[in-house]
Amino acid sequence: MTDQTFETGPGGAEERRPNALIRGLKILALLRESWMASIGIGIVIFWVLVAILAPVLAPYPYEQQIGPLVNASPGTCAEPDRPYFTDEGMERTTGDECYLLGGDNLGRDILSRIIWGARPILIWAPLATLLAYTAGIFLGLLAGYKRGWLDDILSRVSDIILSFPVLVLYVVLITVVGRSNINILLAVTFASAPGIMRIVRGLVLDLRNRDYVAAAQTRGESSWYIMFVEILPNARGPLIVDACLRLGYTIITLGVLGFLGLGLPPPDPNWGNLIAENRTVALTSPQSVVFPCIAISSLVLGLNMLADGLREISLKD
Amino acid sequence: MNGTASTEPVLQIDGLNISYFTRAAEIPAVIDFNLTVAPGEAVGVVGESGCGKSTVAMAIMRYMGSAGRIMDGSIRFKGRDMMEMSDEELRDLRGSEIAMVYQEPMAALNPSMKIGRQLMEVPLFHEPGCTEDDARRRAAEMLANVRLPDAERVMEAYPHQISGGQQQRVVIAMALLSNPSLLLLDEPTTALDVTVEAGIVQLIADISRQFGTAMVYISHNLGLILETCDRVAVMYSGEVVEEAPVADIFDRPQHPYTRGLFGCIPTPGRDKNARPLKPIRGRLPLPHQRPPGCNFWPRCDHFEGGRCDTQSIPLEVSDDTRGHSVRCLRWNEIDWSLANTGVESRPPPEVGEVVLQADEMQKYYPVHDRSLAAILSGRSVRYVKANEDISFVARKGQTVAIVGESGCGKSTFAKVLMGLETATGGKLSFNDDDITTKVIADRKTRQVRSLQMVFQNPNDTLNPSMTVGGQIARVIRKFGVETDRAKVQERVLSLLDLVKLPRDFAKRRPRQLSGGQKQRVGIARAFAGNPAVVVADEPVSALDVSVQAAVTGLLMDIQREFETTLLFISHDMGVVRYLADRVVVMYLGQIMEQGTTDEVFEPPYHPYTEALLSAVPIADTSVEKKNIVLEGPLPSVLDPPKGCPFNTRCPRKLGAICETERPAVHKTVNGHAIACHIPLAELESYEPVIKTAAE
Amino acid sequence: MIVFLARRLVFMLLTMLAVSIILFAMLEVNVESIAVRVLGAYSTDTQREIWLEANGYLRPIYVRYIEWLGNFLVGDFGESTRFNTRVADILWPRLGNTGLLALFTFGIMIPISLTLGVFAGMREGSRTDRSITFLSVITTSVPEFASAVLLSFIFVFWLGLLPGTSGFTDGFSLREMILPVMVLIIYDFGYVARMTRASMAEVMQSPYIRTAVLKGLPYRRVVMRHALRNALIAPFTVIVLQINWLLSGVIVVEYFFAYKGFGALLLEAALNNDVDLIQACAMIAVIVAVGTQTIADIGYTYLNPRIRFT
C-alpha cells in the first residue's frame with residue numbers, strides 16, 4: 001500500500017524518483033492549488049491535534065462538576081469559597097475556576113468536554129469509515145470485476161439496504177442490537193458499505209475494460225492480482241474524495257445518534273451526547289449546545305472542503 | 001486557385017497569435033498565422049495533434065473558451081474586422097455566414113432534441129420572416145440534399161437513433177441550411193469508418209461545387225486534403241511551415257517537415273522491404289518547450305547550427321506565381337536528390353512452418369432480448385455471430401493482416417486467440433496444440449507467453465500507477481524468463497534498448513511518456529517472454545503519422561529479428577498494404593477475401609475489398625483511383641443481412657441469390673480465396689481500383 | 001416500455017417483501033427479548049411465558065410473519081404498547097403531519113436549489129459559481145441538529161421572533177412550521193444545488209452546446225432550450241431520492257422541535273421498544289423510499305430519450 005499515495009499533480013516530467021518524502025511534499029504543493037482544500041485540511045489537522053493533546057489542552061477533567069458553575073455563561077468565574085464535590089471529596093472554590101465557554105447543566109466545563117469529545121469522534125468515525133471501505137471495496141471489486149450472478153446478487157442486496165432511509169435503518173438496527181460502541185461501529189459499516197460498493201463497482205466497470213487489464217489477463221494473472229494491483233490503485237482518486245465526504249457524514253451520523261440518545265453510551269463526552277444532555281436547557285443557557293454544534297459542524301466542514309478541493313484538483317488535470 | 005485579384009477574399013487572417021493561459025504560464029498555441037480564403041475556394045489546414053489547427057478554427061468562430069485568448073492579429077470576414085464585432089454581430093454571423101462541421105457528430109448534436117427541431121432553429125433564428133412551416137420544409141429539403149433517404153423520419157428522430165455517418169450528414173445539412181459563405185470542417189470524418197468516410201468526403205466535394213461555398217478543411221490526413229482542397233497550409237507546432245496549391249505541396253514540398261511527413265505515409269508505392277518508411281526522428285516539442293529559432297530544427301536533417309536555432313524564421317514566398325511560401329531559411333539550399341538516403345532496402349524475410357491455424361472457427365455471443373414480443377414468441381435469446389467460419393493459417397515470421405471496419409469481428413478473433421474468450425465452434429490450433437476452448441487459465445505458461453498482444457490505445461495500454469520498469473519486470477517474472485532480481489532488471493533494460501527507449505525510462509510512470517513511447521513500452525512488454533505470435537490490435541491508429549511510421553518500423557524490425565509471427569489487426573488499407581505478407585478481409589464476422597498482399601490488392605477482388613481500397617484516401621498525386629462509394633449504413637452485427645452479409649451495400653449485387661444464399665468461396669492456387677456469387681472470371685475482368693501513373 | 005414498467009414494479013414489490021421479512025426476523029426472531037422489552041427486566045420467566053403464550057408468540061415465526069403481513073396489507077398494524085391504542089390510529093395522523101412538513105420543504109427547496117445550481121453551473125468558475133458552491137459546502141456540513149440549535153439560538157433565544165417548539169398545541173400554526181422547514185432546507189438544498197451545478201457545468205462544456213452557440217442562437221435560447229433539459233436529467237433522480245434523506249432528517253427535526261410527526265413517532269417507538277409500532281413505521285418508511293426510487297427510475301428513463309428509444 002505504500003505505493004498508493006494520491007497523485008494527480010501536474011505532469012512532472014522532470015521528477016525522476018519519487019520517494020516518500022518528495023511525494024509528501026507534492027501533496028502539500030497540491031493543496032496550494034486549492035484554497036478550499038488547504039483550509040479544509042487545516043481544520044481537520046486542528047481537531048486531530050486537539051484530540052491527541054486533550055489531556056494537555058483541557059483546563060478541567062471533563063467530568064468535573066463545579067456546582068456553582070451550573071449553566072454558567074461563557075467566561076464566567078466561580079464566586080470564591082463555594083462548595084463542590086470531586087472524587088476526593090468536598091472542595092471549596094478559590095474563585096479561579098473560570099469556564100471559558102461556560103458550564104453545562106451539571107456544572108461541567110464545556111470547553112473541556114468539547115476537547116475530550118473530539119476523541120471518541122475521531123476514533124470511532126474513521127474506524128467505522130475504514131471498516132465500511134474495506135467491505136465496500138472488496139465487494140465492489142468482486143461485483144464489478146467478476147460480474148455475472150455474483151454481481152446480480154450483491155447489487156440487489158445493496159439496493160435493498162440502500163432503500164432504507166439511513167436513519168431509520170440505524171434506529172431499527174440499534175434497537176435490535178443495543179447501544180454499544182461496537183454495535184454502532186457495525187451498524188455504520190452495514191449501512192454505508194453498500195454505497196461504497198456501488199461506487200467501487202462503477203469505477204471497476206470502467207477500469208476493467210482498459211487495455212492494461214487485458215494485458216494482465218493475457219499473461220495469465222489471477223483475478224485477485226488484477227483486482228487489487230491493476231484496478232484498485234487506479235480508482236483511488238475518486239475514492240479518496242468520497243472517503244473524505246463519507247467520513248464527514250459518519251461524524252454527522254455519530255452526532256445525530258448521540259443527539260437522539262442512541263449513540264455512543266454516556267458518560268462519553270462525544271459532541272452529539274453533549275447536545276442531547278443539554279437539550280432541555282438549550283433555550284435558557286444556549287452555550288451548552290451551541291458550542292458543541294459549532295465544533296461538529298467545523299470538523300465536517302473541514303472534511304467537505306478537503307473533498308471539494310481534492311475533486312477540483314483532480315478535475316483540473 | 002480560382003480566386004482572382006478583383007474578388008474580395010471571404011476570409012483573411014493576418015498575423016494571428018493565440019495563447020492559452022494556465023496558472024503556470026502563457027502557452028502560445030498559434031503563432032503568426034496568415035490565411036486568405038477566396039470565395040468558393042477550399043483551403044486545407046493540415047498538421048499533427050497539438051499543432052494548433054483546431055485552435056485556428058475556433059478562433060475564426062471567435063469561440064475560444066475561458067483559457068484561450070487572441071493576443072494579436074486580425075481576422076477579416078468579407079472585409080469586416082471580426083475582432084471588433086459585438087456579440088450581437090458575431091451571433092448574426094455564426095451559423096448563417098460561417099458554419100461549422102465537427103469531429104464527433106454524435107457529441108455535436110443535442111441528445112434530447114429531435115433532429116428536425118435542431119435543423120429548423122437555423123432559419124428560424126437567422127431569417128426574421130421565416131415561419132415554422134418554411135423552416136420545416138427547408139430542413140427536409142436540405143436533408144435530401146445531403147442524400148439522407150427518408151428525410152421525414154430523420155426529422156422526427158433523436159440523434160442516437162441514426163448511424164454515425166447519418167449524424168454527420170445531419171450536421172452538414174445544419175451547416176448548409178443558411179447557405180453560408182464559409183464552411184469550417186474540423187476533422188469531419190475522423191470518427192467514422194472508412195467506407196462511411198468516403199461518402200462524406202464525396203458529399204463535401206459536391207457541396208463546394210454545388211453551392212460555391214468557401215471551405216477551410218482541417219485534418220491530420222494528407223490524403224483527405226488532396227481529395228478535397230485547392231490549397232493547403234501545413235502546420236507544425238503552432239506555425240504554418242508551408243503553404244501552396246495542393247498539387248505543389250505533394251509534388252514539390254519545400255519544407256523539411258513536409259518532406260518528412262510524406263516519408264512517413266505508406267502510399268501504394270511503399271513496401272516494408274524494398275522501400276521502407278522513413279520516420280521523422282525525435283518528437284513534437286510541447287508548446288512550452290519549443291526550441292529557439294525554427295521549431296523543427298531538433299528533428300531536421302538539414303539543420304545548420306548558428307542559423308536555424310538563433311532567429312525566428314519568417315514565412316517566405318518561394319514561388320510567387322503559384323503562391324507557394326515556406327518557413328525555412330534553407331529551402332533553396334537543400335538538394336533533395338541527395339537527401340533521400342539513409343533507408344536501405346532489405347530482402348523479404350523467410351517464411352517458416354505453420355504456427356497458427358484456424359479452421360472454420362466460430363464465436364457466437366448470446367444476446368438476451370427482454371422485450372415482451374420476443375419473450376412471447378420464444379425468441380428471447382439470439383446470437384451475435386461475431387465470428388463465422390474463420391479459416392486461415394499464419395506461418396513463422398509472417399505478417400498476417402486482418403482488415404475490416406468496426407463490427408467486422410477482428411477484435412473478437414483476437415480475444416479468442418488470446419484465450420480471453422473461447423470459440424463456440426470450429427478449431428483453433430497453435431503449434432499443433434488445440435486451443436479452441438482453452439482460456440488462459442487452462443493454457444500452459446509456455447503457451448501463454450508465446451501468444452502475446454500489443455494494444456491499440458497508448459493511454460490505456462500501461463497501468464498509470466506502476467512504473468514502466470515495474471510493469472515489464474512483472475511480465476518477465478510471471479513468465480519465468482528470469483527470477484533473480486538483478487537478472488530481471490537487466491532484462492528490463494535490454495528490452496528498453498530493444499524498443500529504442502532510454503534506460504532511465506524504467507523508473508518513469510506512464511503519464512510522463514508520449515503516446516509513441518507508451519506504445520514502445522507496450523511492444524517491449526509483449527516481447528518480454530520471447531513470443532512466437534504477437535497480435536497487434538491497431539497498434540498505431542491512435543498515433544500521429546510521423547510517430548506511426550517509427551513505431552511500425554520498430555515493430556517490423558523486432559519481428560524480423562525474432563522471426564515472430566505477427567497478426568496485424570487494422571482498418572487502414574494503406575498500412576496493411578505496406579507491411580502485411582498476407583491479408584484477411586473481414587466484414588460482419590465473415591472472411592470476404594484472403595490471400596497474399598499482392599493478390600488482395602489486385603483484381604480479382606471481392607467487391608467489398610474493391611470498395612475498401614477505393615475508400616482509403618491516398619496522399620500521392622501520381623495515383624489515380626476509381627471512385628466507389630457504398631450506399632447505406634453498416635448493418636448491425638446483431639441483425640446481419642441474410643445470404644451474403646455485404647449484399648445490402650454491394651454495388652455489384654447480382655440479385656436475389658445474394659440475399660438468400662451464402663456465397664461459395666472461389667479458391668485459386670496460392671490460397672487466394674474470395675467469397676462471392678460473381679463468377680471468378682468476371683471478378684478478374686474488373687479494372688484495378690488504384691492505378692499508379694507511369695513515372 | 002410496458003415490460004420495463006412491469007419489471008420495475010415487480011422488483012419494487014420484491015424489495016419491499018424482502019425488507020419486510022428481514023425487518024420481521026430482526027425484531028421478532030428472539031421472542032424472549034420481546035417479552036423482556038414489554039414486561040420489563042424484573043418480570044419472572046413464568047410471567048413472560050404466559051404473556052408470550054397469550055399473544056401467540058410461541059407459534060413458528062413464518063406463521064406469525066404471514067399473519068403479520070396479512071394484517072399489514074389490510075391496514076391492521078397491531079397494537080402500540082406505548083400509546084395503548086391501535087397503531088393505525090396514531091400512525092396515519094402523524095404521517096399526515098410529516099407529509100405537510102415534506103411538502104413545505106420540497107416546495108421551497110427545489111426551486112431555490114435548482115435555480116442556484118443552474119446559475120452556478122452556467123458560468124463555471126465565475127464569482128456567482130464560487131459563492132454558491134462555497135455556500136452549499138457550508139450548509140451541507142452543518143448537521144440538522146446543529147442547525148436546529150443554532151437557528152433556535154438566533155430566532156428564539158436571541159431575537160425572540162419564533163416559537164421554539166412546533167407541537168401545534170393550539171392547532172396548526174404557520175409560525176411553528178418555519179424553523180423545522182428551514183432546518184430541513186438548509187441541510188438538503190446544498191446537495192441538490194451542487195448536483196445541478198455539476199450537471200449544468202458538464203452540459204455547458206459539451207460539444208452540442210458549442211454547436212448551438214456556433215449556430216448563432218442567442219445565449220438565452222442556448223441555456224433554456226439546449227442546456228437546461230439535458231442538465232436537469234441527472235438532478236431529477238437526486239431530487240426524488242432526497243425523499244429518502246428527508247425521512248432521516250425528519251426524525252431529528254421532529255424530535256428537536258417536538259413536532260408530532262412520523263419521525264418522532266418512530267424514534268419514540270424505538271426508545272420504548274414498541275415492536276408493532278417500529279415494524280409499522282419502518283415498513284411505511286421503506287414503502288415510501290422504495291416507491292420514490294421506482295418513480296425516480298421510471299422518470300429518468302422517460303426524461304432521457306437515449307434510454308427511452310432504443
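1. Arg147 of chain A has a positive phi, about 50 degrees, in this predicted model.

2. Most of α4(A) is covered, with 26 of its 37 residues buried.

3. On the contact between chains A and C: 33 residues of chain A meet 38 residues of chain C. On the chain A side, the elements giving two or more residues are α5 (148-163), α6 (166-177), α10 (236-259) and α12 (287-316). Helix α12(A) gives the largest share, ten residues. By residue class, this side of chain A holds 24 nonpolar, seven polar and two charged residues.

4. On the contact between chains B and A: 23 residues of chain B are in contact with 17 residues of chain A. At least two residues of the chain B side come from each of β18 (451-454), α16 (458-461) and α17 (468-478) of chain B. The chain B side that touches chain A divides into eleven nonpolar, seven polar and five charged residues.

5. On confidence in chain B: the mean pLDDT is 88, and 96% of the residues of chain B reach 70 or more. Over residues 1-6 of chain B, pLDDT stays under 50. For this stretch of chain B the model has eleven contacts beyond four places in sequence.

Terms used. Residues numbered from 1 in each chain as written. Chains lettered and ligands numbered in written order. Predicted model: local features only at pLDDT ≥ 70, side-chain atom pairs only at ≥ 80, totals over all residues. Contact = placed C-beta atoms within 7 Å. Helix = DSSP H or I, 4+ residues; strand = E, 2+ residues; numbered from the N terminus. Nonpolar A, V, L, I, M, F, W, Y, C, P; charged D, E, K, R; others polar. pLDDT = per-residue confidence, 0-100. Buried ≥ 20, exposed ≤ 12 C-beta atoms within 10 Å, placed from the backbone.
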